[in-house]
Amino acid sequence: MTGMAARTARAIAVISAMALAGQAWAQDALGPVTHLPLPRFVSMKSAEGNVRRGPSLSHRIDWVYRLKDLPLKITAEYGHWRRVEDRDGLGGWVHYSLLSGVRTAMVEEDEMALLMKPVEGAPENARLRRGVVARVERCAPDWCRLRADGYRGWAPKSALWGVEPAEVFE
């Protein structure tokens with residue numbers, strides 16, 4: 001096979017894998033590499049990570065994420081690469097070594113109370129502003145227990161990006 005034919009074959013394989021991964025996402029399936037659910041939430045492991053146009057080092061860097069613990073949604077897998085989306089729906093391909101399974105969420109409201117108990121009207125521990133990233137310790141049907149800047153408390157899921165509405169975990 002000539003160099004051009006080999007590159008074309010690789011490009012077709014990548015496009016096919018991306019199409020299959022997209023199809024798997026639409027079906028709420030398991031990732032072909034990790035066998036973990038797609039889509040799923042993860043976070044940035046490092047304070048800086050390149051976001052590429054495709055799943056390899058030869059693809060152009062479209063931008064760089066510069067926030068440790070940034071919550072991201074994995075929508076596809078290809079080898080050591082994961083296609084991710086941020087809260088604005090933007091994304092691309094990042095190397096799996098830049099991602100962590102530690103769950104985080106981003107505050108979506110202008111200002112949100114961190115409550116002592118998962119009930120409306122409970123006493124407040126702190127107030128978090130839009131864009132604050134917090135660690136998610138656990139989630140009940142309508143609430144998540146968060147940790148941010150030394151404070152712990154409960155927040156309604158509807159005020160967060162980084163957890164699914166029906167997601168429950170300890």
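The report covers aromatic pairing, salt bridges, nonpolar cores and one serine.

The model is predicted, so local features need pLDDT of at least 70 and side-chain atom pairs count only at pLDDT 80 or more, while totals for chains, interfaces and linings use all residues. Residues are numbered from 1 along each chain as its sequence is written, and side-chain values use heavy atoms, with hydrogens and water left out.

**Aromatic pair**

Searching the whole structure gives one aromatic pair. Rings of Phe, Tyr and Trp (its six-membered ring) are paired if their centres lie within 6.5 Å; planes under 30 degrees apart are stacked, over 60 edge-to-face, and the rest tilted. The ring centres of F41 and W161 are 5.1 Å apart and the planes stand at 90°, so this pair is edge-to-face. F41 belongs to strand β1 (residues 40-44) and W161 to strand β14 (residues 160-161), so the pair ties together parts 120 residues apart in sequence. Strands (E, at least two residues) are DSSP runs numbered from the N terminus. Relative accessible area, taken with a 1.4 Å probe on protein chains only, sets the exposure classes: buried is under 20%, exposed over 50%, and partly exposed in between. F41 is buried at 8%, and W161 is buried at 15%.

**Salt bridges**

A salt bridge requires a side-chain nitrogen of Lys or Arg within 4 Å of a carboxyl oxygen of Asp or Glu. The count by this rule is 15 salt bridges.

| D62 | R53 | 2.8 Å |

D62 is partly exposed, with a relative accessible area of 25%, and R53 is partly exposed at 46%. D69 is buried at 16% relative accessibility, whereas R135 is partly exposed at 28%. R87 lies in the loop between β5 (81-85) and β6 (91-95), and E108 in the loop between β8 (104-107) and β9 (111-115), 21 residues apart. R87 is partly exposed at 27%, as is E108 at 23%.

**Nonpolar cores**

A nonpolar core is a set of buried Ala, Val, Leu, Ile, Met, Phe, Trp, Tyr and Cys residues joined through side-chain atoms within 4.5 Å. The largest such core has 17 residues, of which M112, V136, C144, L146 and L160 touch the most other members. Two or more residues of this core come from each of β8, β9, β10 (124-129), β11 and β12 (143-148). Apart from this core lies another, of twelve residues, including M44, L70, V94 and L99. Contact means heavy atoms within 4.5 Å. Neighbours within four places in sequence aside, L160 is in contact with A105, M106, V107, E108, M112, C144, L146 and A155.

**S100**

S100 is placed in strand β7 (residues 99-100) and is buried, with a relative accessible area of 17%. Its side chain reaches the backbone nitrogen of V102 at 3.0 Å. Residues up to four places away in sequence not counted, S100 touches V42, S43 and K45.

Key: Helix = DSSP H or I, 4+ residues; strand = E, 2+ residues; numbered from the N terminus. Polar contact = N/O pair within 3.5 Å; in protein donor to acceptor, adjacent residues only side chain to side chain.
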